[in-house]
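Okay, everyone, I've got one structure to walk you through today. Have a look at it first, and then I'll talk through the parts I picked out.

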Amino acid sequence: MESITELKDQDNTILRSFIDYELYALKKYYTPRLCKWESLSKYQQNIIPWFPEHLRAIKHGIKCNRKFFMQVVAVTVEGHLDPILKAKPPTEKEMDKVVAMIAQVAREWSADCAKERNLLLSRVRARLDKCYPRETTDRSEIIIKNPGCGTGRVAAEMALDGFDSIGIENSFQMIAVSKFILNDLIPKEHLPIYPFVHGFSHWKSRKAQVEEVRIPDIGNLKDIGMEHLMSIDYGSFVSDMGADRNIQISQEYSLFPHDVFTRLNHKHSAHVIITNFFIDTGVNILNYLQTIYYNLKPGGQWINFGPLLYHFENDDGKETVADFDWDKKEVIKMQKDVPLQGLELAADDIVSICVDKLGFELIEFESDILSGYGSPKGASGLPGYKCHYWVMERK
Ligand SMILES: C[S@@+](CC[C@H](N)C(=O)[O-])C[C@H]1O[C@@H](n2cnc3c(N)ncnc32)[C@H](O)[C@@H]1O
């Protein structure tokens with residue numbers, strides 16, 4: 001995996017959010033409950049005498065999570081803490097992302113979530129074994145891209161299976177955690193985390209809320225010989241690898257010469273693209289579809305798994321977009337205040353766009369596959385996500 005050479009200001013803020021995690025989590029999850037307990041009458045306190053002990057367990061979980069984040073920071077900055085401590089304080093939204101990060105780590109790196117991960121991996125492996133059998137294929141020649149790779153588990157699995165595996169991730173939080181897990185020699189199940197201490201609803205037994213999860217479920221990842229087959233690009237899929245035509249200029253797609261040339265290198269560069277809980281993350285899903293098509297070699301395959309829970313559906317943000325005339329080499333139509341929300345396509349729409357307009361052939365399609373997302377074992381009433389799975393071949 002590549003090393004992170006230069007930290008930008010916003011990256012330092014993100015690392016600061018790791019450092020600030022404990023204070024934030026105690027204030028948001030622990031302190032209000034302690035106040036609630038203290039406000040109860042003696043009579044009611046005696047009905048639930050175990051409550052303070054449970055809160056102590058929540059506090060302990062938060063402290064352990066902090067230890068995990070501090071190790072990530074230590075490995076990322078290699079002793080240079082100063083810029084982080086001087087960085088702009090993280091926003092509440094950024095802090096909530098750190099909190100969510102702990103569940104993400106459990107999802108990708110704990111044995112508890114193996115079943116959840118296998119919903120995708122078992123299907124992917126069945127397909128890849130068919131197309132690229134180990135016995136007859138030099139798998140290190142087969143390039144698999146995994147945009148929105150999170151902390152890199154699926155990309156690591158592909159490298160472990162012998163493929164040339166490239167993750168693409170635009171969140172520095174994810175990048176820093178993946179660098180820690182993939183590049184450090186952490187023994188199997190060495191680190192305790194407490195992914196569920198931030199959620200207080202749906203529990204059958206309160207013990208499950210404070211259950212410890214151990215990561216990583218594969219030990220000493222750096223040592224097991226897949227490093228040369230794996231890399232993670234820190235950047236945005238569309239901005240860095242997007243199609244060379246027919247994508248509007250926007251926050252995620254510039255026509256600066258460096259970006260234009262970078263994207264050219266990615267044309268027809270992948271045999272397989274795997275998207276896992278990814279295609280609903282963008283403000284314009286058509287940009288993703290065109291970029292997937294652009295990156296695949298003719299005959300290459302796109303394997304998708306995940307729900308369509310559009311991240312920008314309720315976002316009231318706006319952006320400026322512009323069209324570009326490639327013949328005249330000028331911007332021809334600039335539009336301000338275009339909503340980020342608004343292009344939430346159904347699975348059937350995506351399939352027919354891909355087949356009828358972009359040049360894919362549908363090979364496999366399944367719907368209504370129920371999946372959790374870093375889901376705790378002991379929680380009841382959590383429906384999970386209804387996922388779609390499909391494989392399309394680029395003609
Ligand atoms: C819902 S998470 C899924 C992560 C991982 N694939 C998994 O299944 O656990 C979506 C991921 O996509 C990343 N992401 C969103 N937009 C992206 C973009 N334009 N380029 C690269 N990564 C992106 C997010 O930072 C996040 O890590």
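So, the open sheet: seven strands in the order 5-2-1-6-7-11-10, with mixed pairing. Bear in mind this is a predicted model, so local features need pLDDT of at least 70, side-chain atom pairs count only at pLDDT 80 or more, and totals for chains, interfaces and linings use all residues. Residues are numbered from 1 along each chain as its sequence is written.

Some bookkeeping on names: helices (H or I, at least four residues) and strands (E, at least two) are DSSP runs, numbered from the N terminus. Two strands pair if DSSP finds at least two bridges between them.

Which strands sit at the edges? Those are strand 5 (230-234) and strand 10 (360-371), each pairing on one side only. From one strand to the next, the twist averages 15 degrees. Strand 5 pairs with strand 2 (residues 164-169) in the parallel sense, over five bridges, and there you'll find Ser 165 opposite Met 230. Packing on the sheet is helix 7 (residues 153-160), which touches strand 1 (143-147), strand 2, strand 5 and strand 6 (270-276). Its direction makes about 170 degrees with that of strand 2. For angles like that, axes are lines fitted to C-alpha atoms, for helices over the stretch in contact, and angles run from 0 to 180 degrees between N-to-C directions. Touching, or contact, is C-beta atoms, placed from the backbone, within 7 Å.

Next, a helix pair. Helix 1 (residues 9-39) and helix 3 (residues 51-77) pack at about 175 degrees, axes 8 Å apart. That makes helix 1 roughly antiparallel to helix 3 (the cut-off is over 145 degrees). Residues of that contact divide into 19 nonpolar, two polar and five charged. Here nonpolar covers Ala, Val, Leu, Ile, Met, Phe, Trp, Tyr, Cys and Pro, charged is Asp, Glu, Lys and Arg, and the others, Gly among them, count as polar.

Now burial. A residue is buried with 20 or more other C-beta atoms within 10 Å of its own, exposed with 12 or fewer, and partly exposed in between, with C-beta atoms placed from the backbone. Helix 12 (residues 285-295) has ten of its eleven residues buried, so it is largely enclosed by the rest of the structure. Strand 9 runs antiparallel to strand 8 (residues 318-325), joined by seven bridges, with Asp 325 opposite Glu 330. Four residues lie between the strands of that hairpin, and Lys 329 takes a positive phi near 55 degrees.

Asp 337, in strand 9, has a positive phi of about 55 degrees although it isn't a glycine. Phe 277 is another non-glycine with positive phi, about 50 degrees, in the loop between strand 6 and helix 12. Is Phe 277 buried or exposed? It counts as buried, because it has 20 C-beta neighbours inside 10 Å. And the peptide bond from Ile 215 to Pro 216 is cis, with omega near -10 degrees.

Last stop, Ala 87, in the loop between helix 4 (82-85) and helix 5 (92-109). Not counting residues up to four places away in sequence, Ala 87 touches Asp 9, Asn 12, Thr 13 and Arg 16.

Note on methods. Contact = placed C-beta atoms within 7 Å. Parallel < 35°, antiparallel > 145°, perpendicular 65-115°, else oblique.
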